[in-house]
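Me: Can you walk me through the ligand site and the salt bridges in this one? Keep it short.

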Amino acid sequence: MLLRQAKTLTEFIIEEQSSFPGATGEFSQLMNDLALAGKIVNREVNKAGLVDILGEAGTENVQGEEVKKLDVFANEQFMAALRSGQECAAVASEEDEDIVAFDGRENAKYLVAMDPLDGSSNIDVNVSIGTIFSIYRRERTGKVTRDEFFKTGKEQIAAGYIIYGSSTMLVYTTGNGVNGFTLDPSIGTFCLSHPNIQSPKGGKIYSINEGNFNRMSAGDQNFVKWCQEVKPEEGRPFSARYIGSLVADFHRNLIKGGIYIYPSTTSAPNGKLRLLYECAPMAFLIEQAGGKASDGKQDIMSIQVEELHQRVPLYTGSSELVDKALSTQ
Ligand code: AHG
Ligand code: MN
Ligand code: MN
């Protein structure tokens, strides 16, 4: 029999928080709530292939219950977990037009922004999807207003994602490096598997939806052509890898080195991705791992959120590749 060696997520959080004087355990509880919702969503993601047997989304399943779309289900699970905890005052979610403030939590310390199910076009085809979260500390108490979310990424106190992939991982930062935890399904526990993740300075992977090539700026087209240029002495051409789930594309590039771009296009001048709950948390993570994130003009972390669902272009990944992409603009 193997003896348990890996540190669990719960142990890691408690240890990390105990190094902050005055820590009350509320943040640890909030993280545990997110991890629990992630495990419930994971269970459902694993059953996604059974929808034909259990019922199509929007119809009734064999038990006569309505089958929910997975992104609606994920939103409900994370909302429920955060609502039942004591620590979160309000949530801004991709799935909700406005913020959701929890009754009785007007004095709770934290605000959460989230994309409960990222990569939703991949749900039905058994390809990796994820959840992205971002945590801010409230500056006041009482009824939460949506402008309390109008912050810069620099004000995040934690950010992370859960990737529902060939294994399920939770990766997060509190501004003290990036750590990754793999779910051991046999015990239902996230275990520290990737301590102190560092993004390679360079890389040989570029991730962009090249179907949009003719809608991109000349600068972005030049960068794509540079990635494709045959220059073996400089390690090019690079490999193109694009899953279409930000979490999965980001995770691969974080580990292997590479760049992810969702640029401005003629049909979507601000790109597609949302600042508050997609770009800002990923920017916090990549900076903590030694990489970069920009909208093409400035660091994502410096951009002030002005609308909950505001979009920005995104260039993120290994620092040398982001610098190169920005230099071709
Ligand atoms: P979501 O499923 O939360 O709406 O996000 C989808 C996003 C992101 O995950 C992905 O990188 C991007 O959309 C892919 O967009 P394209 O299909 O336009 O490439
Ligand atoms: Mn998304
Ligand atoms: Mn989503």
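Reply: A residue is near a molecule if one of its heavy atoms lies within 4 Å of it. This is a predicted model: local features need pLDDT of at least 70, side-chain atom pairs count only at pLDDT 80 or more, and totals for chains, interfaces and linings use all residues. Residues are numbered from 1 along each chain as written, chains are lettered from A and ligands numbered from 1 in written order, and side-chain values use heavy atoms, without hydrogens or water.

Me: How many residues surround ligand 1?
Reply: 16, and the closest are Asp118, Ser120, Tyr242, Tyr260 and Tyr262.

Me: Where does ligand 1 lie relative to the domains?
Reply: Between domain 1 (3-194) and domain 2 (205-327), because both give residues to its shell. The bounds come from an automatic or database domain assignment.

Me: Which polar backbone atom is 2.8 Å from a ligand 1 oxygen?
Reply: One belonging to Ser120. An oxygen of ligand 1 is also 2.7 Å from an N or O atom in the Asp118 side chain.

Me: How much of ligand 1 gets buried?
Reply: The protein buries 83% of the 470 Å² that ligand 1 exposes when taken alone. Areas use the Shrake-Rupley method with a 1.4 Å probe.

Me: Switching topic. How many salt bridges are there?
Reply: A search of the whole structure gives 13. The criterion is a side-chain nitrogen of Lys or Arg within 4 Å of a carboxyl oxygen of Asp or Glu.

Me: What does Lys109 pair with?
Reply: Glu26, with the closest N and O atoms 3.0 Å apart. Lys109 is in the loop between strand E2 (100-101) and E3, and Glu26 is in helix H2 (residues 26-46), so the pair ties together parts 83 residues apart in sequence. Helices (H or I, at least four residues) and strands (E, at least two) are DSSP runs, numbered from the N terminus.

Me: And Glu148 with Arg138: buried or exposed?
Reply: Both are buried, meaning under 20% relative accessible area; exposed is over 50%, partly exposed in between (1.4 Å probe, protein chains only). Their salt bridge is 2.8 Å, N to O.

Me: Which residues are in that network?
Reply: Salt bridges with shared partners join Arg138, Arg140, Asp147 and Glu148.

Technical notes. Polar contact = N/O pair within 3.5 Å; in protein donor to acceptor, adjacent residues only side chain to side chain.
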